[in-house]
Amino acid sequence: QPSTSLTGWGTNYFTLVCIKELTFELPDNAKQCFYEDITIGTKCTLEFQVVTGGHYDVDCRLEDPDGITLYKEMKKQYDSFTFTASRNGTFKFCFSNEFSTFTHKTVYFDFQVRSHPGKLCMESACVSIHEALKLVIDYQTHFRLREAQGRSRAEDLNTRVAFWSIGEAIILLVVSISQVVLLRSFFSDKKTTTTRVGS
């Protein structure tokens, strides 16, 4: 099963707030895990959303360094979970599409790590401003993902309607041809019968 360490990768730092985002493809019958080293007392938030694929759902599981499950949800479209690390070590969270036999998914997640030791007033103000801006960015990202999800569903519906229309046209054509052939054979049989009686 593939795995990815998030430490030092795709990270934006601002004082004591660490934010990591990723959008990735999750094939059918597949599981993708990510790892993060976290110190005790650190507050973390995991948010995820399925952007495209199937019923827009995945399984998600979060474990602490001892393998204890902190969060587990099955077939979720999106969710958010906040926890405070109770020990030092490597935390693992996984997304699973193993229940799907032929549909791959596109998954977005946002992993935030916040530690709050003693700060100066200026540092606290900067962190507050940064977190407010991050909230705005989260809303924008959420709406972009919903737009992408809606567009994907609309395209899928449009494809189904097109195939249904083509199928109806083919059925109508076959029925029309069948009726013409049936009527022609009926009149042909009648003409043959009349000729025999006259002779």
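Of the 199 residues in the protein chain, 31% are buried, where buried means under 20% relative accessible area, exposed means over 50%, and partly exposed lies in between, with a 1.4 Å probe and protein chains only. The model is a predicted one: local features need pLDDT of at least 70, side-chain atom pairs count only at pLDDT 80 or more, and totals for chains, interfaces and linings use all residues. Residues are numbered from 1 along each chain as its sequence is written, and side-chain values use heavy atoms, with hydrogens and water left out.

The accessible surface of the chain comes to about 12,800 Å², and carbon and sulfur atoms hold 60% of that area. Accessible areas come from the Shrake-Rupley method with a 1.4 Å probe, and for residues only the protein chains shown count as cover.

I turn to the fold. The chain contains 10 strands and one helix, in the sequence order β-β-β-β-β-β-β-β-β-β-α. These elements are DSSP runs numbered from the N terminus: helices are H or I with at least four residues, strands are E with at least two. Among contacts with a separation of 6 or more, 76% join residues 24 or more positions apart; a contact means heavy atoms within 4.5 Å.

In soluble globular proteins, nonpolar side chains tend to be buried together. Leaving aside neighbours within four places in sequence, Phe95 has contacts that include Phe24, Phe34, Phe48, Cys60 and Phe109.

Which cysteines form the disulfide? Cys33 and Cys94 do, with their sulfur atoms 2.0 Å apart; the criterion is a pair of cysteine sulfur atoms within 2.5 Å. This pair links distant parts of the chain, as Cys33 lies in strand β4 and Cys94 in strand β9, 61 residues apart. The torsion about the S-S bond of Cys33 and Cys94 is about 105°, so the disulfide is right-handed. Cys33 counts as buried because its relative accessibility is 4%, and Cys94 is buried at 5%. Cys60 is in no disulfide, the nearest cysteine sulfur being that of Cys94, 8.3 Å away.

Consider now Gln49, a residue of strand β5 (residues 43-52). Is Gln49 buried or exposed? Gln49 is buried, because its relative accessible area is 4%. Not counting residues up to four places away in sequence, Gln49 touches Gln77, Tyr78, Thr106, Val107, Tyr108, His142, Leu145, Arg146 and Gln149. The C-alpha atoms of Gln49 and Leu145 are separated by 7.9 Å, although these residues are 96 apart along the chain.

Finally, the surface. Phe163, Ile166, Ile170 and Val174 make a nonpolar patch of about 420 Å². Patches are made of residues with over 30% relative accessible area and no salt bridge: like charges are joined within 9 Å, nonpolar side chains (Val, Leu, Ile, Met, Phe, Trp, Tyr) within 5 Å. A salt bridge is a side-chain nitrogen of Lys or Arg within 4 Å of a carboxyl oxygen of Asp or Glu. Val174 belongs to helix α1 (residues 121-198) and, at 48% relative accessibility, counts as partly exposed.
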